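Here is my note on the structure you asked me to look over.

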Amino acid sequence: MKFTFVLLACLFAVAFANEEADVVKEFREVNKEDFKYGYELTNKIRAFQEGHLEDEKTWIVKGEYEFVTKDGKHVKVTYTADDYGYHPKVEHSE
C-alpha cells in the first residue's frame with residue numbers, strides 16, 4: 001500500500017506543479033484487500049488507480065493518468081504495477 005501513496009503523492013505533485021486547478025471530480029474507496037481512487041482537475045489533469053491483494057503480500061495495481069503539456073500535447077500514461085515492477089505505456093497526441 002505504501003507504493004500507492006507514493007504514486008498518489010507524485011501525481012498530485014505533477015498536477016499542482018503546472019498551475020493552480022480546482023477539483024472537478026474525486027472519489028476514493030479503500031478497503032483492506034482492495035482500493036480505487038480517481039480525480040479530475042480543471043486544468044485537464046485526470047487520474048484513476050485501482051488495486052487488489054493477490055495474496056497476503058502482493059498488490060496488483062493498474063491505473064492511468066493524463067494531462068496536456070504547456071505546448072498543447074495530450075499525454076496519457078496507462079500502467080500496471082506488480083511484483084515485477086512498474087510497467088507504463090505512454091501515448092502522445094496533438
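This is a predicted model: local features need pLDDT of at least 70, side-chain atom pairs count only at pLDDT 80 or more; totals for chains, interfaces and linings use all residues.

1. Strand β1 (residues 23–30) pairs with strand β2 (residues 34–41) in the antiparallel sense, over seven bridges. Two strands count as paired if DSSP finds at least two bridges between them. Within this pairing, arginine 28 has tyrosine 37 of β2 as its bridge partner.

2. Residues are numbered from 1 along each chain as its sequence is written, and side-chain values use heavy atoms, with hydrogens and water left out.

3. β2 also pairs with strand β3 (residues 46–53), again antiparallel and over seven bridges. Here tyrosine 37 has glutamine 49 of β3 as its bridge partner. Four residues lie between β2 and β3 in their hairpin, and lysine 44 in the turn has a positive phi of about 70°.

4. The protein has one helix and six strands, in the order α-β-β-β-β-β-β from the N terminus. Helices (H or I, at least four residues) and strands (E, at least two) are DSSP runs, numbered from the N terminus.

5. The largest nonpolar core has 15 residues, of which Tyr39, Val61 and Tyr65 touch the most other members. At least two residues of this core come from each of β2, β4 (59–68) and β5 (74–82). Such a core is a set of buried Ala, Val, Leu, Ile, Met, Phe, Trp, Tyr and Cys residues joined through side-chain atoms within 4.5 Å. In soluble globular proteins, nonpolar side chains tend to be buried together.

6. Where is threonine 58 placed? Threonine 58 is in the loop between β3 and β4. Threonine 58 counts as buried because its relative accessibility is 8%, and buried means under 20% relative accessible area (exposed is over 50%, partly exposed in between; 1.4 Å probe, protein chains only). Leaving out residues up to four places away in sequence, threonine 58 touches His52, Leu53 and Asp83.

7. Of the 94 residues of the protein, 29% count as buried. Among contacts (heavy atoms within 4.5 Å) between residues at least 6 apart in sequence, 22% join residues at least 24 apart.
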